[in-house]
Structure formats: structure tokens, C-alpha cells
Amino acid sequence: AIVDLIAERTAVTPGETFYVAFDMKLDEGWHVYWRNPGDAGLPPRVMWDGNGQDVSGDFVWPIPKELEVAPGQIMDYGYDDRLVLPFPVTVPSGVSGPLTLSGVLDYLICKDICIPEEARFTLTLAAGAVSGIDETNGALIGEWVSRAPTEFSGEACLTEDGDTWRLSAATTEIASGGRSLRFFPYRNEISHSAKQPATFGQAGGSVSLTPAFSADMPGSISGVLVHEGQDGVRRGFAVTASACSAALAGTSGAAPVGAGRINLFAIAGLALLGGLILNLMPCVLPVLSMKAIGMVEAATHGDAGVLRVHGWLYTAGVVLSFLAVAAAFLALRAAGEFLSLGFQLQYPVVVAGLAVLVFVIGLWLLGAVEFGSSIQGAGSDLAARRGGAGAFFTGVLAAIVGAPCIGPFLGVALGAVLTQPAYIVIAVFALVGLGLALPFLMLSHLPGLSNWLPKPGLWMVRLKQAFAFPMFLTAVWLLSVLDRQTGGTAVTWVLAGMVLIAFAAWGFRSAGGALRRGFQGVAVSLAVAGLVLPI
């Protein structure tokens, strides 16, 4: 995004109030958020430099759009393409010299993933006896101020009708009908993703609202009621609807409409199915090859009891890792941080660490790095009743490298519970982990597994090597995310770290003779440096 701070004045006078605005030009497909972001997100906010003055008023929020992330499950509110976000500034009466506005605009921009970004700004305006007008910026800011909702001059009330609420608005401004009527709440009392069937009558119109999970009807609800006329023009009204009788609600001429609440059983099924499909994602599948190869080797030894134990240990590693992610998710939510899918990838250090991790896994799959059979989670160690820790940490590794992958159904399941109580969030994350671990858990309990699994051979080596390349492509994608978050400098340091790690792997394996220990010590030092550089 390109962000500029513009003003409708070129010069100001003490005591006057004028508008400035953040002009945000967004790349195609990206969006930013309204004051209430909906199911996930974070609205823009200003952090002023510490000059002892707070000259900003509230943002004048233009009418938002619906941003459907997952049909019927995740709905955000915000803006795409371009947003001009005005706010009033009052010049201090005792100002002497130029007026300077400086600070940082902190905002979240999203497409397939969400990236927190900052835009530093400084705007200096001359202050004196005469005010100067910027006609170009003034016209642009005036246009966007006009897109803000106006105060509602009619009567609005809220009634309960079974599982739904009905917001009725009596005003001649919408009585003529139109293409649509949509309510954007300031808070989260309703299900944002639920449809809002609208009905128009002689006195106004009404929309049917679906309550949020376990929410009782409040005494009043506030937000923006957006009416789109037959001519396609959208108008917004700042509405506060108070609880009223059904008889009063009928003055709008609208009929009540039913809708359903969130279906927890469907969400649970989608979470389990999404975890299963996660096994096929390109960033997870190579890691699972470690487990598969180990199971093939273990099955040939005929130690079914140990194989079952390792199946449960692998499952525990996966599920506990997802529970740790759920705990971090809930902690961030409690701290007031934004909530969105793949929230781990919104932190550059995490992205850099994952890029290095999948790169090292790629080296291991190619054979350039040897970690030992215990890392594979099975194999000859498993047959000898050892390597339980390897099985557990293979599950942890599978969960970690699955962070960049949001497969089909998984995004819907996670997104639908972003604002739900903690026990629901924990249950859904646990089910995703169980779905990821389920294939290997079932295979570990199948009697006669060795009778239908392919025999160990050269094919296992070749398959393992081929899986290295999806890991390298995953690392490239993560570096592109890091570049958007922090710029090319951070990517350069991560790449330098990867080169050091690769050189260390080569040096460690190539060292020989009397200088072997010295070469290996240097290689280990280079590998540590390669891990530290990205941080």
C-alpha cells in the first residue's frame, strides 16, 4: 500500500478546525478494515510523536463494504482499492510557527494472509493570519467525508423473533425500496457472516440479524444501516435501535425472517476434515515422508506394539502443538491484538524462522544434513524400542511447518470460531491437530501393516530427495511474505543465513583427516551464525 497524509489547507490560522486525511492506495486484491473489522482484523490507528499535543479528532469512517473471506462463515468489514480516511484537526490558539503533524499510522492489510504495516508521516503547514486552501486535496477529502453515514432522523427499534433479531427502521428515505439493506454493527453482538434478508414497506424497511453465539438481545444496538437504492447509490445512516415491541416494529411494513446460529457440529467436522487435508499440503507432505519412511522400516521388523506407541506419541506431538497455537491465539486476543487466520505469519521473526526451518528440512531431505534416525520418529531405533522422543517431535515438526498452509475447509473452521469462547477455540484447534495425525495413528494400529506396505528400497531415498523441492519453494514463498513485511534487507539477511547453514552442512560432511574436528567446529559455528542472522 502507498500511504500519504494530505490536508485541505496549505496554511492554517490559530483556533480553526480543518480536515487532514490518510490517502491509502491499495494493491489489487488487498484490503484494510473499518472501525469494526468484523470476524477478523484490526482498524487503522494513529500513534503520534510525543510532542505533548493531541490535535486529532475521531476518524470520519466512510461507509464500509462486506469482505467475504469464507462464504457463510467469515465476514469482514473494510475497504479495498483505495481509502481516504479523514479526521479533523484543531489548530491550537497559541501556536507560534508552523504546525507539524508527525507519527505513525499502524494498520493491517490482508489478502490471502494479513500483514501488519506502518506508515511514518510528517506534515508541516504554515500558521499565520491567513488560511490557505488546497483545492485538489480539499475536493478529495470532501468527497470522502460525504461518504460517511449521516445521523438517522427516523425511528429504529429492535425486536426478538425466535432465533433472530429484527431491526426495523421507519423513515421515508428508504421506504421507496431498493436493491439491499445491510446493518454494520459497531460491536460484535451479531453474526457478521450471516445473511441479512431485507424487507421494505410503506414506512421504511427492516433487516433480519442473527445473534452471535450465546448472545442475548441487548437493550439497544448501534451501527451503520446502509441502503443501496435502485440506482446503485449507497447511503449510510448512523443508527441506534432500542428494544421495542413487535407492534412498533411492524410500522416499517417488514416481515420477520428466520436464520440459524453457528453450527458447532458442522464446524467440528470441518476442522477434522481440514486437518486431514492438511496432510496433502506441499509444506507438510515432505515432513510426513519422514514418518512414512520410518513406518515402512518399522513394519518390516514386525514390532507392532512399538509401532502403536509411536503412533500415539506422534499424535500427541501434533495435538499439543496445535493446543499451544490455540493458547497463543487466545492470549493475543485477550491482549487486544488483531485476530486473523494464519496469525503466526504476521510476525516477521516467525516468518524468518519458518523460512530457515523449511530450508534446513529441504537440505535434510536431499541428504546434505544428517540428523540421525531418531529425528525420523521411527526406523531401526523404533524397532529396537527406542526413539519415542523422535516420534513425538516429528509430530511437533509437522504441526510447525503446517503454519503456512491453510487448506480447504480448515480456513472456514478456524475463521468461524475467531470470536467464540475459549473452550470452542481450543476444541477446534485440537480437532485440526487430530485430523492431521489421524492417518498415521490409524496406520500404526492396523494389523498386518507390513503385508501391504511397499518394501524398503532405493525408491525411499529418491522419494525423500524429491520432497526437498516443495520445501525450498515453501521457503521462497515465506521470503516473499517477509519482503512485504519488512523489505529486502531482512530477506538478504535470511538468505545469507541459509547460505551459511548450507556451507556449514557441506563443511561438516567434507571434513576429514587430522583437521576433522577443527573443520567441524568451524562448520557448527557457521550454522549457529546462519540461525542467528535472520533474527
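A salt bridge here is a side-chain nitrogen of Lys or Arg within 4 Å of a carboxyl oxygen of Asp or Glu. The model is a predicted one, with local features needing pLDDT of at least 70 and side-chain atom pairs counting only at pLDDT 80 or more, while totals for chains, interfaces and linings use all residues. Residues are numbered from 1 along each chain as its sequence is written, and side-chain values use heavy atoms, leaving out hydrogens and water.

View A. Aspartate 23 counts as buried at 5% relative accessibility, whereas lysine 25 is partly exposed at 34%. (Buried is under 20% relative accessible area, exposed is over 50%, and partly exposed is in between, using a 1.4 Å probe and protein chains only.)

**View B. Arginine 182, with a salt bridge and a ring.** Glutamate 66 and arginine 182 form a salt bridge at 3.9 Å, N to O. Glutamate 66 sits in strand β6 and arginine 182 in strand β15 (residues 180-185), 116 residues apart. The charged end of arginine 182 also sits over the ring of phenylalanine 184, 5.8 Å from its centre; the rule asks for NZ of Lys or CZ of Arg within 6 Å of the ring centre and within 35 degrees of the ring normal.

**View C. An aromatic cluster.** Phe22, Trp48, Phe59, Trp61, Phe87 and Phe121 make up one cluster. Rings of Phe, Tyr and Trp (its six-membered ring) pair if their centres lie within 6.5 Å, and planes under 30 degrees apart are stacked, over 60 edge-to-face and the rest tilted. Phenylalanine 22 and phenylalanine 59 pair edge-to-face, 6.3 Å centre to centre with 75° between the planes. Both phenylalanine 22 and phenylalanine 59 are buried. Tryptophan 48 and phenylalanine 87 are another edge-to-face pair, at 6.2 Å and 70°.

**View D. Inside the largest nonpolar core.** This core has 69 residues, and Phe18, Val20, Phe22 and Met24 touch the most other members. Helix α6 (residues 348-366) gives the most to this core, with 12 residues. A nonpolar core is a set of buried Ala, Val, Leu, Ile, Met, Phe, Trp, Tyr and Cys residues joined through side-chain atoms within 4.5 Å.

Technical notes: Helices (H or I, at least four residues) and strands (E, at least two) are DSSP runs, numbered from the N terminus.
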